[in-house]
Amino acid sequence: MTRQRTLILDIMRQECPNHLTADEIFARAREQMPRIARGTVYRNLKLMELDNQIGHLEMPDGPDRYDFNPVPHGHLLCNGCGDLADLPVVGLLREIENAIGTEVHSYALTIHYLCPKCRQKGEG
């Protein structure tokens, strides 16, 4: 575990449950380690994703985000402000497994909605 990887994990732990972009992680890392390179952050994020230490969320309309929680779970994405929140789907996953008659090994679930703040503002 390199100092850079430890720093990246610490940043993600502190920001949890936020789902930061690589650039946001890089900016925070640079505050604490001014000489860290952008490529170092991106490379470590990829390695941590491959090692199942973190989750990687592909975002269709913006930069990908990273999740400190590597355990499969769903997400709620606000179409108004772009806020991304965790969504536990244990019961839903069991229902899907029962319906298809086999175990689900992995999944990506993002539900688009308007968060309460955006609904109140009348966005969307």
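This report walks through the fold, the core, the cysteines and the pockets of the protein above.

It is a predicted model, where local features need pLDDT of at least 70, side-chain atom pairs count only at pLDDT 80 or more, and totals for chains, interfaces and linings use all residues. Residues are numbered from 1 along each chain as its sequence is written, and side-chain values use heavy atoms, with hydrogens and water left out.

**Overall layout**

There are five helices and six strands, counted as DSSP runs numbered from the N terminus (helices are H or I with at least four residues, strands are E with at least two). Reading from the N terminus, the order is α-β-α-α-β-β-β-β-α-β-α. Along the principal axes, the C-alpha atoms fill a box of roughly 50 × 40 × 20 Å. Of the 124 residues, 31% are buried (buried is under 20% relative accessible area, exposed over 50%, partly exposed in between, with a 1.4 Å probe and protein chains only).

Strand 2 is joined to strand 3 (residues 65-67) by three bridges, and Leu57 sits opposite Arg65 in strand 3.

Strand 4 and strand 5 (residues 84-87) run antiparallel and share four bridges. Gly74 has Leu87 of strand 5 as its bridge partner. This hairpin has five residues between the strands, and Gly82 takes a positive phi near 85 degrees there.

**Core**

The largest nonpolar core has 17 residues, and among those touching the most other members are Ile8, Met12, Ile25 and Val41. Such a core is a set of buried Ala, Val, Leu, Ile, Met, Phe, Trp, Tyr and Cys residues joined through side-chain atoms within 4.5 Å. Helix 1 (3-15), helix 2 (22-32) and helix 3 (38-50) each supply at least two of its residues, with helix 1 giving the most, five residues.

**Cysteines**

A search of the whole structure turns up zero disulfides, a disulfide being a pair of cysteine sulfur atoms within 2.5 Å. For Cys81, the nearest cysteine sulfur is that of Cys78, 3.7 Å away. Cys81 is partly exposed, at 48% relative accessible area. Cys115 is in no disulfide either, and the nearest cysteine sulfur, again that of Cys78, is 3.6 Å away. Cys115 counts as buried, at 6% relative accessibility.

**Pockets**

A pocket is an open set of points on a 1 Å grid over the protein atoms alone, where a 1.4 Å probe fits, with protein on both sides within 12 Å along at least five of seven lines; lining residues have an atom within 4 Å of a point. Grid points are joined across faces, edges and corners, and a volume is the space filled by probe spheres set on the points.

| Pocket | Volume | Lining residues |
|---|---|---|
| Largest pocket | about 560 Å³ | 25 residues |
| Second largest pocket | about 190 Å³ | 14 residues |

Gly55, His56, Leu57, Tyr107 and Ala108 lie nearest the centre of the largest pocket. Strand 2 (55-57), strand 4 (74-78) and strand 6 (110-113) each give two or more residues to that lining, and strand 2 has the largest share, three residues. By class, the lining of the largest pocket has 12 nonpolar, 10 polar and three charged residues (Ala, Val, Leu, Ile, Met, Phe, Trp, Tyr, Cys and Pro count as nonpolar, Asp, Glu, Lys and Arg as charged, and the others, Gly among them, as polar).

In the second largest pocket, the residues closest to the centre are Met59, Asp61, Gly62, Arg65 and Leu77.

Technical notes: Two strands pair if DSSP finds at least two bridges between them.
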